[in-house]
Amino acid sequence: MAQIIFLHGASSSGKSTIAKALQDRIEMPFWHISIDHLRDAGLLPTRRFKSGEFRWADARSAFFDGFHGSLKAYADAGNNLILEHILDKENWLEMLARLLAQHDVFFAGVHCPLELLVEREAARGDRPIGSARQDYETIHVGKAYDIELNSTDSVDANVEALLTAWRSDRRVSSFTRQRG
Ligand SMILES: Nc1ncnc2c1ncn2[C@@H]1O[C@H](COP(=O)(O)OP(=O)(O)OP(=O)(O)O)[C@@H](O)[C@H]1O
């Protein structure tokens, strides 16, 4: 059984920042997995999607199905994962819970006040304006977490709190509930 720590929060909420600090601190090797890494490594023909030559809407579903399947493949092979991701389709939680049913999934909600999200999104300039707000209003609805973090707290404090909760083996999140 692999260990999976899933950081779930709006765009710009601080998932990557926490994931990197966590990977530096945690007592076992964990791979930090994010769609950002695939995009930044040049996996997608981003320029041609942006130009309209290819339609992202046509490719999106297969891309995410592949990404979700790859998480199962990594975990089934025995790799521990720090996953940062946004569940922006209603059935994704259920699907991931099924794919990762053999593994210990610790589900962490990463929160950030809306004004700060909007400020960070504008300062970064590399995310579509408005996605943080849209995520903020939707992605946490109906989700139960093993821990809820707020990125107004320091990164160190969040990592410390997460590690304490993760080590406790108490799992009460939507992932655990999906398993009945
Ligand atoms: N605790 C923090 N204090 C100050 N700035 C922060 C903090 N956490 C994140 N940031 C800043 O906010 C921006 C977004 O952070 P980060 O990349 O970690 O968010 P994310 O949730 O992974 O975003 P995305 O989903 O869009 O990739 C970055 O510029 C980062 O430096």
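Colleague: Which element gives the most to the shell around the ligand?

Modeller: Helix α1 gives the most, with three residues. Helices (H or I, at least four residues) and strands (E, at least two) are DSSP runs, numbered from the N terminus. Two notes before we go on: this is a predicted model, where local features need pLDDT of at least 70 and side-chain atom pairs count only at pLDDT 80 or more, while totals for chains, interfaces and linings use all residues. Residues are numbered from 1 along each chain as its sequence is written.

Colleague: How many residues surround the ligand, and which are the closest?

Modeller: To be near a molecule or strand, a residue needs its C-beta atom, placed from the backbone, within 6 Å of it. Here 15 residues surround the ligand, and the closest are S11, G14, K15, S16 and T17. Both α1 and α6 (114–124) supply at least two residues of that shell.

Colleague: Where does UniProt place the feature "binding site"?

Modeller: UniProt positions are given in the numbering used here, with shortened feature names, and annotations may be inferred rather than shown by experiment. The unreviewed entry puts "binding site" at G9, A10, S11, S12, S13, G14, K15 and S16. Among these, S13 is found in the loop between β1 and α1 (15–25), and G14 has its place in the loop between β1 and α1.

Colleague: Is S13 buried or exposed?

Modeller: The idea is to count neighbours: a residue is buried if 20 or more other C-beta atoms lie within 10 Å of its own, exposed if 12 or fewer, and partly exposed in between, with C-beta atoms placed from the backbone. S13 has 28 C-beta neighbours inside 10 Å, so S13 counts as buried. G14 is buried because 25 other C-beta atoms lie within 10 Å.

Colleague: Which residues is S13 in contact with, leaving aside its neighbours within four places in sequence?

Modeller: Two residues are in contact if their C-beta atoms, placed from the backbone, lie within 7 Å. With neighbours within four places in sequence left aside, S13 is in contact with V110, H111, C112, L117 and S151. On that basis, the contacts of G14 are G9, V110, C112 and S151.

Colleague: Which residue does UniProt list for "active site"?

Modeller: The unreviewed entry lists D36, a residue of helix α2 (residues 35–40). D36 has 14 other C-beta atoms within 10 Å, so D36 is partly exposed.

Colleague: Let's turn to the sheet. What is the order of its strands?

Modeller: Two strands pair if DSSP finds at least two bridges between them. This open sheet of five strands has the order β2-β3-β1-β4-β5, with parallel pairing. β2 (31–34) and β5 (147–150) stand at the edges with a single partner strand each, so one side of each lacks a neighbour in the sheet. On average, neighbouring strands of the sheet are turned by 25° against each other, direction ignored.

Colleague: Which helices pack on this sheet?

Modeller: For angles, axes are lines fitted to C-alpha atoms, for helices over the stretch in contact, and the values run from 0 to 180 degrees between N-to-C directions. Helix α4 (residues 56–76) packs on the sheet and touches β1 (3–9), β2 and β3, with its direction at about 170° to that of β3. Helix α8 (residues 155–167) also packs on the sheet, touching β1, β4 (104–111) and β5, and its direction makes about 175° with that of β5.

Colleague: How many bridges join β2 to β3?

Modeller: Four bridges join β2 to β3 (residues 81–85), and the two run parallel. W31 has L81 as its bridge partner in β3, while H32 has I82. β1 and β3 pair in the parallel sense over five bridges, and F6 has L83 as its bridge partner in β3.

Colleague: Which way do the residues of β3 point?

Modeller: In a regular strand the side chains alternate between the two faces of the sheet. In β3, L81, L83 and H85 point one way and I82 and E84 the other way, and all are buried. Five of the five residues of β3 are buried, so β3 is largely enclosed by the rest of the structure.
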